[in-house]
Amino acid sequence: MQKWMQMLGLASVVAVASVGAQAQEAVKIGVIQPLTGSVAYNGLAFVAGAKLAVEQRNAAAGVLGRKVELVIEDGQCRPANSVNAAEKLVQRDKVVALTGAFCSSATAAVMPVAEKYKVPLLTGVSSKADLTEKGMQYFFRSAETDRLMSKTFSKILAEKLQLKTVAYIGVNDDWGRGGVEDFSKDLEALGVKTVMKEYFDHGTTDFYTLLTKLRASKADGVFVAAETQDGSILVKQFKEFGINTKIFGVGSWATADFIGLTGDASEGIYAAVPYASSLPGERNKAFVEKYSAATKEKPGKYGAAGYNAMSIMMDAIARAGKAEPGAIRDALRQTDYAAPNGRYRFTEKGEGYGFDVVLVQITNKEPRVVAQSQTEKP
């Protein structure tokens, strides 16, 4: 954690600009991420990816001949904090666009702020399916939805893991509950019986009671929706309990941080994710090399999310021809972005599609791709 804080800081992240752009006012983009709290590992990874995208763009003359400046606020994955952050970024810092705010509940709270000020908001992480069903004209999502991941991988998981009964464990927020509901619904349709559903709060460190219930359920498999800090503690305690149930889930399970914190307990875990460093292809290879050089570790889901979201936003500003929120919003609708994990486009509702999602298994502390699928237009 200290490594990330020292490297990125909590203030504005300004990449080195080209000589021609130095004399002009920077194009400011606001970033709202959890930089403290139980999901800070993931928020800081997002910022690292966004920073890399800006450094590369500024080294190539910036956007519209101007450097790009990231103005970063700590939303802590809390709705109230994230709303305050958005207000500051728009009113005080005069950003032309926003990215954030990680947790679906926090992003849902920021969406009306973006709409009120008519400033485009792009989330690269928040996956609750109904966010793009609220009729917002300035909201876009370059993240997978819980529903998409479930529909894509439920059958593969049921067959590969030979599941008859499944227990579900999720963090007690919109994303955790949404993931549990989507996967349980689709697996039940495949004949897999639900034997337990339990939720825990962010920052939980003692899962004894929950794991006692899990053992009593005698489930063939356990689905978990949890991020790095919570998930690593849960999985380590799971292994310490001696429970041999097959584990699969969604979240940051294929990231270097999660694997590092979880250690040997991560071996054999399956994860449905939109990105893994082991994805084939030259674009991903180049991204992994540059990200690894900048951060001293391989990128995971959230590093790639930050890189992609910021690249998409900067492409839109360039395409708009001017750093004005309304023009940027219109240009975002024309997105056709070649990413390390496929191509991104948006529907009329601002829902991203076209990129690849993968099912991985942690093997020898590396995410090995088991299945890969391109997302279809909703």
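## Briefing: a buried phenylalanine, a helix pair and a disulfide

Phe 258 is part of helix α9, which covers residues 256–262. Please keep in mind that the model is a predicted one.

**Phe 258 and its surroundings**

- Phe 258 has a relative accessibility of 0%, so it counts as buried; the cut-off for that class is under 20%.
- Setting aside neighbours within four places in sequence, Phe 258 is in contact with Thr 228, Gly 231, Ser 232, Val 235, Ser 252, Trp 253, Ser 266 and Ile 269.
- Helix α8 spans residues 228–240, and among the contacts of Phe 258 are Thr 228, Gly 231, Ser 232 and Val 235.

**Helices α7 and α8**

- Helix α7 takes in residues 208–217, and its axis comes within 11 Å of the axis of α8, with a crossing angle of roughly 55°.
- The two helices are therefore oblique to each other, since the roughly parallel class is for angles under 35 degrees and the roughly perpendicular class runs from 65 to 115.
- The crossing of α7 and α8 is right-handed.
- On the α7 side, the contact is made by Tyr 208, Leu 211 and Leu 214, and on the α8 side by Leu 234, Gln 237 and Phe 238.

**The disulfide**

- How many disulfides does a search of the whole structure find? There is one, and it joins Cys 77 to Cys 103 with an S to S distance of 2.0 Å.
- The link of Cys 77 and Cys 103 is right-handed, with 95° about the S-S bond.
- This pair ties together distant parts of the chain, 26 residues apart.
- Cys 77 sits in the loop between β3 (68–74) and α3 (79–91), while Cys 103 sits in the loop between β4 (97–100) and α4 (104–117).
- Are these cysteines buried or exposed? Both Cys 77 and Cys 103 are buried.

**Helix α12**

- Helix α12 runs over residues 325–332, and its buried residues are Ala 327, Ile 328, Arg 329, Ala 331 and Leu 332.
- The elements covering these buried residues of α12 include β6 (139–141), α11 (301–320) and β13 (342–346).

How values were computed. Residues are numbered from 1 along each chain as its sequence is written. This is a predicted model: local features need pLDDT of at least 70, side-chain atom pairs count only at pLDDT 80 or more; totals for chains, interfaces and linings use all residues. Side-chain values use heavy atoms; hydrogens and water are left out. Axes are lines fitted to C-alpha atoms, for helices over the stretch in contact, and angles run from 0 to 180 degrees between N-to-C directions. Helices (H or I, at least four residues) and strands (E, at least two) are DSSP runs, numbered from the N terminus. Angles under 35 degrees count as roughly parallel, over 145 as roughly antiparallel, 65 to 115 as roughly perpendicular and the rest as oblique. A crossing is left-handed if the near helix is turned anticlockwise from the far one by less than a right angle, and right-handed if clockwise. Contact means heavy atoms within 4.5 Å. A disulfide is a pair of cysteine sulfur atoms within 2.5 Å. Buried means under 20% relative accessible area, exposed over 50%, partly exposed in between (1.4 Å probe, protein chains only).
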